[in-house]
Amino acid sequence: MRNRRRGQGVLLIIIVLVLPFAAGAPSLAQQPPLVLRVLDEGPIGNPWAKAASEYERVTNGRVRVEWISSPWPGIQTRLATAFAAGDTSIDITKTWGGWTTEFWPFFHAIDDKWPASQRNTLLTYALHPVAAAGHIYGVPRHVTLYYFYWNKKMFQEAGLDPARPPQTYEQLVATCTKLTKDRDGDGRIDQWGYAESMDVASPMLNTFERWLYRAGGDILDSRGNPIFNDRRGLRALQAIYDLIYTHKCIDPGALQLGNPATRQVFNAGRVAMMSMWGSGWAEAQDPTRASKDVIGNVGVTILPALDPAIVRSATIHGSEGYAITKSAAQRGVVEEAWRLLQYMTSRAVQLEGLKTRGYMPPSLALYADPELTRDPSLAPLMAATAEAGRYPVKRFVWSEYPRLEDAIESELQAALRGRKPLQAALDAAATAVARILKGP
Amino acid sequence: MERAHTRRRLQTRATPFFLLSPALALLIAVAGFPLIGAARISLLRLRLNAPEQFIGLENYRRLFSDPKMLQSLGITAMFVIGSVTAAVVLAYLLALLLYQDFPGRRVVRTVVLIPWALAPVVNGIMWKSMYAPNFGPLNDVLNRLGILSQSVSWLVDYPMASLILAYLWKVLPFPTLIILAGLEGIPRDLYEAAEVDGAGSLTRFRRITLPLQRTITLLTVILMLVDALHVFAVVDILTRGGPADRTMVLNYAIFRTAFRYLDFGYGAAMAFALTALVLVLTFVYIRAQSEAALATGR
Amino acid sequence: MKRIRRTAKLMFIYAAVAVVLIWALFPVFWIASSSIRPQYEIVATPLRYLPQTVTFRSYKTAFADPAFLRALRNTVAVASLTTILGLAAGALAAYAFARFDFKLKRPLFLSIFLIRMIPAFTLAIPLFVAMRTFGLIDTIAALVLTHTTLVLPVSILIMRTFFENLPAAYEEAAMMDGATRLQVLTRIVLPLSTPALMVAGVVSMISSWNDYLFGLLFTLTKARTIMVAIADVEGAFYVDYPLIVARGMIALIPPVVAALAFQRYLVRGLTGGVMTQ
């Protein structure tokens, strides 16, 4: 034992003696690169990951970016474990409203990087998902909002004007029923009028939210009490219920369809209209994803009104972005991380995300950029985004978001499966929400 | 002479511990210590956005006043009983088939392992696609065969059955393999002798296979029980415990509490409660089995 | 007469085999066919099971991705080491439980089994802390240790059951001839229990192969495993299912090849064993 310790001591002395010479040697003249670790989805088809590796070249290898990738639900598991275990290996992480509200104590506030003048250059509520408790923790990479898509060819086949998508609930019901049919005559409906994703977890809540805001309601009031079970909430839920069961023009199977599956059926030409994120547009242009009958035949606009007297439309504005962690701050690499993030969210990267995947750019200037507004493959989407901005609604995010989401969603599922009266389900959800917000 | 004898006895006494040492070292280092850590966590109020706080058995007390807990227990029981019963019965049939001597047996034996080796996430995506309402293969096949006349939303209307099927499909090779290995261990001449005596194949199965396979069956049931209680990936992708919590098995509820709600203390308490429950169940099962064995005189 | 009966039996067997193959392969076939065609075809009416347009885009992407191939290599290494280590440590321990009576045997056995009972993710946080303390984060060693430990209780239980079912007479005879316990184990017990070893081996291999949680939590970039890599194209707003499935199909190859190899070994072990003499 003593021998080994002596051995270690000798080794240490040798290292100390040799080090100055080694440092002076030409082969080691270059400093080791600064490593920034980013936790995000995988790099394939990911414009930000591509930009990050470009950044390595731009800095001549001074900065190395390690891309720690995981499926996006895994990011939350990883963050939870890392933070609970006091881990310091992550410098930058992908985040969105639901995560920022939970993990912000482990993020480094960078309000000083976002002067008021800078904030105005972003789209409505773009900073909201990287902000919590009055501070800003990161950089938005793309904004998220819902659009209304319709298949013009199917409109024509049904004798509807392909240039006139439904603008009100009544028009939606009328078109929707007309577009629902049994094409091959085997007694089973094989073309549905409309689709909204209502899968377990966030799609269900998001869908309810969009109808709720259009009914003039809200999830919580200004003091944080649940109010989504009032008559406006009931009206919203009834609107969805009726489309499924009264007008029978949404496939009840939509209750098990997530957003990707909803895009899939729309882009296969099996559903005539859908509400979807910007990714719906990108996929409708992609020949590996959309059928020939669909490509070039899709229109995009703002969501139809539930009651034009209340509000013409309401999408749910949110965003996803990157947050800088406290451990990055402790390592003293905030400036470097910020610079990397600036590069990753530059105009060129935002454009690539928009064109390839339908990730809507957070930068306001792009929506007035003639290069984009005149591009026929982007113009309708840009116009719809600008128009949706006239009816801004913040996507619901609150602390304890996952718990709230699960509580509301499970009651809505019960209601829309016909297992519970709508009002009773809403009341039960509101009680659960109140209990969660009160804390244990 | 005397000393040699003592040494020999000492050696014999030390041998089992010598044999056990590598396994024990690993288990203590990699699982034992973390287990103590987890037990400690179960006594804390550990949230990310607040300092940790020792609250004694509060988390365990909370279990008893949590209405979701009881509901989840029932759902877990349904899932476990359904899937373990089906798995053991089907595994027996499959193992008996693969035990037969026929050309191509080795390839078939390998092919049946494929579901087990399929990545859990791909298994989930696959079944989600199989169960797709309206346009999924399951609906399509049943419609073409004339069994269904309308499409079914499997995950909405039959979430538990759909979950069990998807789970069963993936794990079936596991019990099959164990049972098959057990069958291989029975000397074939026993069957030949019985056949000469004129015993039919059913009689041979009942009189030779089952009794000799008793411990193997017990082993299979216990391993499947544990596996089914720890079901995760297929729930996460197919139903996420829904719709309306109808498939909220305990293991998933624990994951959700700890990693989604970030309530680590309560999540750990739930995990230990589940473990205790499994231990009790296993004990009861083993005891019942040995008593049955005593009663039949075997 | 006998030949007719044999033929009838064989036909019955093949009919059953056909059912089994459909059960095991149809769903896999369905997604495999989904992985080589454009997405819209998957939900076309009427549903077509064979692709109309064939594209190998997903497979090309997967094989051109060095991070994916690295994950594949890592996982082969982790699963093999886990299997070897698990079989070695597990066989010794199982033999101790099967053939010896010693103090604390029962409580020891039960506490080993207890470890398998606890949901794995309960151990995640304390284990993460430990791995970090020893500098094992993002190393293959972290995963091998974790996987081996988690599968040990199962393989011990499996092997113990099979060892107990072996007739003790052979071992006693060998001991009479002066063989040591270790020799008895390696020369007699292990060759006799090839089926048990194969089961325990396959169980270890597959559970290591299928692990997602620890691969996700304990690795960064260097030691990343296949289960994390497969689905990392699953984004919140864009999911490349064909690519996920293609990667899943590629990830099937190593365990299936290993299982085939195991089968050969099993057959040889059985015919070379004492049992058939």
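How many residues of chain C are in contact with chain B, and how many of chain B with chain C? The legends below take you through this predicted model, and the second view has the answer.

**View 1. Chain B on its own.** Let's start with the build of chain B: 16 helices and two strands. Its C-alpha trace spans about 75 × 70 × 35 Å along the principal axes. A compact globule of 298 residues would have a radius of gyration near 19 Å, yet chain B comes out at 24 Å. As for burial, 48% of the 298 residues of chain B count as buried. Now pick out the contacts in chain B between residues at least 6 apart in sequence: 68% of them join residues at least 24 apart.

**View 2. Where chain C touches chain B.** Here's the answer to the opening question: 77 residues of chain C are in contact with 71 residues of chain B. Several helices of chain C give two or more residues to this side, among them α1 (2-35), α3 (66-99), α6 (140-165) and α12 (241-272). What kinds of residues make up the side of chain C that touches chain B? They split into 63 nonpolar, eleven polar and three charged.

**View 3. Where chain A touches chain B.** Over on this side, 26 residues of chain A are in contact with 22 residues of chain B. Look for α3 (72-84), α4 (97-103), α10 (259-267) and α17 (401-416) of chain A, the elements that each give two or more residues to the side touching chain B. That side of chain A is made up of 13 nonpolar, six polar and seven charged residues.

Technical notes. Residues are numbered from 1 along each chain as its sequence is written. Chains are lettered from A and ligands numbered from 1 in the order in which they are written. This is a predicted model: local features need pLDDT of at least 70, side-chain atom pairs count only at pLDDT 80 or more; totals for chains, interfaces and linings use all residues. Two residues are in contact if their C-beta atoms, placed from the backbone, lie within 7 Å. Helices (H or I, at least four residues) and strands (E, at least two) are DSSP runs, numbered from the N terminus. Ala, Val, Leu, Ile, Met, Phe, Trp, Tyr, Cys and Pro count as nonpolar, Asp, Glu, Lys and Arg as charged, and the others, Gly among them, as polar. The radius of gyration is taken over C-alpha atoms; the globule rule is 2.2 Å times the number of residues to the power 0.38. A residue is buried if 20 or more other C-beta atoms lie within 10 Å of its own, exposed if 12 or fewer, and partly exposed in between; C-beta atoms are placed from the backbone.
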